[in-house]
Amino acid sequence: MKNNRKLLPLFLTFLKIGAFTFGGGYAMIPLIQKEVCEKKKWLSDEDILDIIAIAESTPGPIAINVATFVGYRTCGFLGATVATFGIVLPSFLIIMFIEAVLNEFAELRAVQYAFFGIRAGVLALIVKALWSMYQQCPKNAFSLCVAVVAFILATFSGINAIFIIIGCATAGLIHSLVISKKAKEGQK
């Protein structure tokens, strides 16, 4: 019952994030972190980092996945439903509106310049999300190597991103198993 009081604030929080963030899921991550961790204190920064890692590893848009996982962690199944609906609703309504009028205004210079400005702002939000995630991640030689290899593969190869994510997860599991095996042998 106590968590049900959070359903409306959860919906309104994700409705606001969905309505005022341009550029897709990665641009939404810093706003989600600020709202959920700093302002509402529903989850910790570590929780959000874990949720982002899971959301990137599951099919679908990252912002919707993050909203679903945050909603679930906050208020269970109803929270997941409410948060997901909140983050999707503004985009749905905006796309319906834009589709109805875009052909009339697409050639206007002011509209084209506005989209140039929006792209620059989105890039800044993505860089901020990257910096925030970098600060939260463990900083050791293994993590750096995995990040560099993943970046190179994602940027310069034709390998599908899901295979890169699976490879990184596998490398992390193997590394953790080797470390724990060495720790057990050191205790003997």
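## Exercises on salt bridges and packed helices

Arg73 is partly exposed, at a relative accessible area of 45%. Keep in mind that this is a predicted model.

**Exercise 1.** Find the salt-bridge partner of Arg73 and work out which parts of the chain the pair ties together.

*Solution.* Start with the partner: Asp47 makes a salt bridge with Arg73, and their closest N and O atoms sit 3.2 Å apart. That passes the cut-off, since a salt bridge needs a Lys or Arg side-chain nitrogen within 4 Å of an Asp or Glu carboxyl oxygen. Now place the two residues. Asp47 is in helix H3 (residues 45-57) and Arg73 in helix H4 (residues 62-105), so the pair ties together parts 26 residues apart in sequence.

**Exercise 2.** A search of the whole structure turns up 3 salt bridges. Work out which residues are joined into one network by shared partners.

*Solution.* Take Glu35, which lies in helix H2.

- Step one: the Glu35 side chain meets that of Lys16 in a salt bridge (3.0 Å, N to O). This pair links distant parts of the chain, with Lys16 in helix H1 and Glu35 in helix H2, 19 residues apart.
- Step two: Glu35 also forms a salt bridge with Lys39, with 3.2 Å between the closest N and O atoms. Lys39 and Glu35 are 4 residues apart in helix H2, so about one helical turn separates them.

**Exercise 3.** Describe how helices H1 and H2 pack.

*Solution.* First, get the numbers: H1 (residues 7-20) and H2 (residues 25-39) pack at about 155°, with their axes 10 Å apart. Angles over 145 degrees count as roughly antiparallel, so that is the label for H1 and H2. Last, the handedness: H1 passes H2 in a right-handed crossing.

**Exercise 4.** Which residues make the nonpolar surface patch, and where does Val148 lie?

*Solution.* The patch covers about 550 Å² and is made by Leu144, Val148, Phe151, Ile152 and Phe156. Val148 lies in helix H6 (residues 141-156). With a relative accessible area of 40%, Val148 is partly exposed.

Key. Residues numbered from 1 in each chain as written. Predicted model: local features only at pLDDT ≥ 70, side-chain atom pairs only at ≥ 80, totals over all residues. Heavy atoms only, no water. Patch = residues over 30% accessible without salt bridge, like charges linked within 9 Å, V, L, I, M, F, W, Y side chains within 5 Å. Areas by Shrake-Rupley, 256 points an atom, 1.4 Å probe, with all protein chains shown as cover. Helix = DSSP H or I, 4+ residues; strand = E, 2+ residues; numbered from the N terminus. Buried < 20%, exposed > 50% of the residue type's maximum accessible area, 1.4 Å probe, protein only. Axes fitted to C-alpha atoms, helices over the stretch in contact; angles between N-to-C directions. Parallel < 35°, antiparallel > 145°, perpendicular 65-115°, else oblique. Left-handed = near helix turned anticlockwise from the far one by under 90°.
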